[in-house]
Every structure is written in structure tokens, then in C-alpha cells.
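Student: I have a model open and would like to learn how to read it. Please take me through it feature by feature.

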Amino acid sequence: MHLLKMSRFSRRATIGLICLLPLAITALVSYPISVSTVNQELMQAGEAYQQRLDIQLSQLQTLNHQNLTGTFTKCERLKAKYHFATYMQDVYVFDNHEVRCSKDLGSLNKPLPTFLSSLVDDGQHVVIAPPFPQTGNRPTIILIERDPQTGKGSATIVDGEYIENDFKALEFRKARGVFLEINGQRLPVNSLVETGQVIIHSDQFGYDIHLLVSPEAVLHTYRDYLLALFPLTVVLSLFLAILVWKYISERHTLVDDIERGITNREFFLVYQPIFQTASNTITGVEVLVRWQHPKLGLVAPDMFVCMAEKHGLIIPLTDYILKVARQELGSLHFDQSFHVGVNVAPSHLTDVDPTAYFTRYKKAFLRRNMHLCIEITERQFLNESAANTISALQEAGVEVAIDDFGTGQTSLSVFPKITVDYLKIDKCFIDTIGQESVNSHVLEGIIALGKKMNFSLIAEGVETSDQAAYLINQKVDYLQGYLIAKPLRIRELKSFLKRNEKQLRIAA
Ligand code: C2E
Ligand code: CA
Ligand code: CA
């Protein structure tokens with residue numbers, strides 16, 4: 001029974017661990033949230049940049065188009081308009097690979113530069129061109145529009161550095177690296193080999209902007225989240241710790257109290273007489289436990305029996321009850337065999353060798369002419385191993401009663417396999433006597449079943465002489481209830497038995 005006692009150290013350790021739980025959860029959950037926040041921010045920055053770049057490229061596309069459709073047919077006008085547009089390395093208006101006009105050189109007639117010559121045949125497109133001596137050894141973005149019918153075209157060459165500078169502004173934010181990619185060509189040309197974690201695609205121009213998430217940015221965001229959530233986490237931890245502390249200490253107070261109560265003999269027994277209808281005499285008792293708690297006063301078994309069961313204390317408690325019952329009842333002298341019903345919890349039937357345990361007590365009771373009967377509530381009855389134990393117990397001469405019969409789900413089909421000595425009909429059915437209700441028919445059924453199976457019937461909670469008269473008339477074997485006697489202390493039982501030694505008249 002000491003197994004369940006938690007040491008003070010492990011109590012503290014449990015509370016400590018539970019305190020850490022919200023912190024651990026916050027730490028674990030915040031990291032992926034930080035990654036996704038940074039990704040989200042990069043995505044927004046990248047999309048904003050992509051929209052800007054699309055607008056700029058559209059303007060250059062319009063320029064190319066104007067060159068073709070004749071708005072700038074006069075080379076001087078083109079030269080004048082874009083002379084100071086430094087981001088533009090050059091604009092070529094060409095006719096079948098012959099340059100007719102250049103933004104820098106004006107009207108001329110010479111072949112297209114070789115780096116451009118190979119690019120112009122594909123109609124309208126955007127390319128990233130690697131550094132060429134003609135482009136000052138700098139990478140460029142080239143927008144080309146060419147009419148395949150006439151062979152006339154216009155190519156606008158934008159300095160790659162102009163775009164790269166924009167990227168720096170983005171990198172300054174949460175990206176470790178940014179590059180533009182068109183058909184496998186990257187800008188900056190020597191950009192990192194990886195693929196970006198955030199990729200934004202331009203449908204209009206077919207390029208991708210790759211953004212590589214900066215681990216520092218993630219860590220910063222992570223730290224910000226942790227700092228922001230820290231006060232809440234601490235409050236939550238404290239709240240949890242208080243709850244757990246209360247639960248553990250309450251549980252332990254009660255469990256400790258039951259243990260202490262057994263040691264200090266705070267539990268005492270009362271005995272409720274059982275009346276045999278055939279002989280009009282008291283032929284036995286049911287043993288019921290009470291607790292005189294030093295602080296709470298008298299505690300009913302409904303309050304602590306299930307607690308003792310839940311926390312593994314029911315076996316020591318039943319052991320105590322059996323010992324006290326044998327000792328107290330043993331002080332009385334019975335001329336005839338006296339029935340002693342003791343309530344037994346299901347966990348007792350699955351404990352180590354319950355047959356040997358109860359047989360030992362049966363023998364001890366028998367030495368004082370008392371017959372031990374264990375009462376098992378119907379709700380616990382169906383379990384197969386419990387059923388086997390019941391058979392073994394009966395073979396060993398321990399009587400078995402099914403308590404609260406009719407309130408559980410015992411299937412009638414178990415009865416050919418299991419025999420019991422007594423069925424205790426629950427009070428709720430006895431209460432229906434004299435009333436027209438569904439349960440009153442159930443009572444008739446239970447009585448008929450008991451007779452058919454040759455089980456002795458004990459009616460529980462008999463309170464009126466009308467109920468007693470009905471039950472006697474139905475040949476129910478035993479009656480138990482306030483009509484006969486309330487549960488009595490051993491002294492009271494002694495005088496009660498003495499008073500009613502001969503016979504007891506209970507029904508009108
Ligand atoms: P139970 O085994 O069905 O016990 C019968 C309960 O009905 C007892 O309540 C008894 O005092 C009460 N009773 C008897 N006759 C009448 C009556 O005419 N009218 C009314 N209203 N009640 C009557 P108690 O002693 O409070 O026990 C309640 C339950 O606690 C028991 O139900 C049993 O399940 C459990 N219990 C009591 N003592 C023990 C014990 O020693 N060990 C175990 N494991 N359980 C126990
Ligand atoms: Ca009982
Ligand atoms: Ca009962």
C-alpha cells in the first residue's frame with residue numbers, strides 16, 4: 001500500500017516537470033511559427049518587388065514596342081528621351097541583324113553585336129545575359145521584341161547591377177540571398193547554388209525571384225516570440241502547478257487519511273441483521289463499515305470505499321474489516337450456523353490467490369459457527385476471471401451473494417455457467433411493491449428466476465410491513481432493511497439478538 005504514496009521529492013519533481021510543460025510547448029511551437037512568419041514576410045516583400053519589376057519591365061516592353069511601331073522611328077528622339085536613363089545600358093533598333101539606331105550612338109548601320117545577334121531570333125522575350133565586354137563585363141537583362149515577318153526589332157539592355165541593388169534592399173530584410181532566374185540563368189550570375197525557400201514567379205515575364213531565408217532572421221523572430229509569450233507561459237505554468245499541487249495533495253491527504261485510519265482503527269463496523277422468513281428468526285448479518293474521521297466526523301462508506309478502491313487501499317481495508325468482524329462477532333455465541341455477509345471489491349477477486357485468502361477467513365469464521373459469504377455487486381460480476389474465482393471460492397466452501405441484483409447488466413445466460421448462493425434484490429425493486437410500475441414486474445421476474453435457479457433470495461432495504469408481507473407471500477427467503485433493524489454496533493446487535501432470540505414478528 002506504500003506503493004501509492006508519492007514521496008515529497010517526486011511530488012516536487014512532478015510539479016516541477018508540469019511547470020516546465022508550458023515552457024517546453026511554447027519553445028517547441030514557436031520555432032515553426034517563426035520560420036513560417038519569416039517565410040511569410042519574405043513572400044510579401046518578394047511579391048511587392050515582383051510587382052515593381054513587372055511594371056518596370058512592362059515599361060521597357062512598351063519602349064521596344066514603340067520602337068517597332070514607329071513612335072521612335074526617328075533615332076534622335078529615342079536618343080534624347082533615354083540618354084540619361086543610366087540603368088539602361090543601351091537600346092538597339094535593328095533590321096535583320098543590322099543596327100539602325102542605338103540609344104548611345106544614334107543612327108548607324110552596323111551588324112548587331114554578336115552577343116545580341118544570337119538572342120534576337122526568338123521573337124519577344126526576356127533574358128539574363130552573362131557579362132560581355134560590350135556590356136562592360138556586367139550581366140544584363142535584355143528585353144527583345146522582333147517582328148518575324150519583317151525581321152525588324154528592338155532590344156533594351158538593362159544593367160544587371162540596377163536589379164542587384166534592389167535585391168540588396170531585400171537581403172537587408174529577412175533574406176540571406178536573393179536572385180532572379182530566367183531559363184536557368186541567374187542574376188547575380190554567381191549567386192548561391194541552392195534554390196530559394198521562397199520562390200515568386202512572374203507569369204508575365206516568366207522569371208522567378210528566389211529568396212533564401214536568413215537563419216538569423218528566424219532566430220530573431222523566434223526570440224521575439226519567446227519574449228512576447230514568456231509572461232503568459234509563466235502564468236500558465238503557475239496555474240498548472242497550483243492545480244496539480246492541489247490535486248496531488250488532496251488525493252494524498254485522502255489516501256494518506258485512509259491508510260492512517262486503518263492503522264489508528266478509525267474504521268468501525270456495524271452489522272445489519274438478516275431475517276429468515278421461513279423461521280421468523282435472525283440468521284445472519286451484513287457487515288458494513290463506517291469511518292470516524294478525526295476532523296470530518298462520521299463518514300459514510302459511499303464516500304470512501306470507491307476512493308480506497310481507486311487507490312489500491314480496498315484490500316488492506318477489507319482485511320481490517322474481516323479481522324474486526326471475526327473478532328467482534330466471535331464474542332457472540334451462535335447455536336446455529338450464522339450468516340456473515342461481507343462486501344468485497346472486484347479488485348480483491350483479481351488479487352493474488354483470492355481463494356486461499358478467503359478460505360483462510362472462512363475457516364476462522366467457521367470455528368465460531370459463522371458462515372462467511374462474500375457480497376459482490378452485480379456491476380462487477382461479469383468479468384470472466386472474477387467468474388472463475390467465484391466458482392473456486394464456492395468449491396472451497398465460501399458462500400457468494402450477488403449484491404444489488406437487477407441494477408447491473410448481468411446477462412441471464414451466465415447463470416448456467418456460474419452458480420451463486422444468494423441473490424440480493426436491490427432496494428429500488430423492493431420500493432416498487434404496492435406500486436404499479438415497470439420495475440414491479442422486474443421484481444416478479446427476479447423472484448421467479450431465483451426460484452428457478454435455486455438461489456436463496458435476500459430482499460434489501462425492506463422498510464414497511466406491507467413490503468415484508470408481500471415478500472413473505474412470494475416466499476422470498478430473507479429480508480434485510482430498516483423494518484427489521486438498522487445497521488447496529490456490536491453491543492446493540494448483541495442485545496437485539498438476545499431480545500429476538502426466539503422469534504421476530506415483522507409482517508402484519
Ligand atoms: P450495500 O452493500 O448495498 O449495503 C446496503 C446499504 O443499504 C447500506 O448502506 C445500508 O445501511 C443501507 N440500508 C439497509 N437497509 C436499508 C433500508 O431499509 N433503507 C435504506 N434507505 N437503506 C438501507 P451503507 O452502509 O451506507 O453502505 C452503502 C454501500 O457502501 C454498500 O451498499 C456497499 O456497496 C458499500 N459498503 C458498505 N460497507 C462496505 C464494506 O465493508 N466493504 C465494501 N467493499 N463496501 C462497503
Ligand atoms: Ca452489500
Ligand atoms: Ca446492496
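Tutor: Start with one contact: an N or O atom in the side chain of R290 lies 2.9 Å from an oxygen atom of ligand 1. A polar contact is a pair of N or O atoms within 3.5 Å; within protein, one must be able to donate a hydrogen and the other to accept it, and residues adjacent in sequence count only if both atoms are side-chain atoms. This is a predicted model, in which local features need pLDDT of at least 70 and side-chain atom pairs count only at pLDDT 80 or more, while totals for chains, interfaces and linings use all residues. Residues are numbered from 1 along each chain as its sequence is written, chains are lettered from A and ligands numbered from 1 in the order in which they are written, and side-chain values use heavy atoms, with hydrogens and water left out.

Student: Which polar side-chain atoms lie 3.0 Å from an oxygen atom of ligand 1?

Tutor: One belongs to N343, and another to D403. The protein covers 81% of the 790 Å² of accessible area that ligand 1 has on its own, by the Shrake-Rupley method with a 1.4 Å probe, where for residues only the protein chains shown count as cover.

Student: How many residues are around ligand 1, and which come nearest?

Tutor: A residue is near a molecule if one of its heavy atoms lies within 4 Å of it. There are 20 around ligand 1, with Q272, R290, D403, E463 and Y482 coming nearest. Strand β12 gives the most to this shell, four residues; helices (H or I, at least four residues) and strands (E, at least two) are DSSP runs, numbered from the N terminus.

Student: What are the protein donors of the calcium ion (ligand 2)?

Tutor: Donors are N, O and S atoms within 2.8 Å of the metal (3.2 Å for Na, K and Ca), and water is not among the atoms, so sites may look incomplete. For ligand 2 they are E286 (OE), N343 (OD1), E375 (OE) and D403 (OD), at 2.2 to 2.3 Å. E286 lies in strand β12 and D403 in strand β16, so the pair ties together parts that are 117 residues apart in sequence.

Student: What should I look for in the backbone?

Tutor: Most residues other than glycine have a negative phi, and most peptide bonds are trans. Here the peptide bond from L187 to P188 is cis, with omega near 0 degrees. P188 is in the loop between β8 (185-187) and β9 (198-201).

Student: Where is N369, and what is its phi?

Tutor: N369 is in the loop between α9 (354-366) and β15 (370-377). Its phi is positive, near 65 degrees, in a residue other than glycine.
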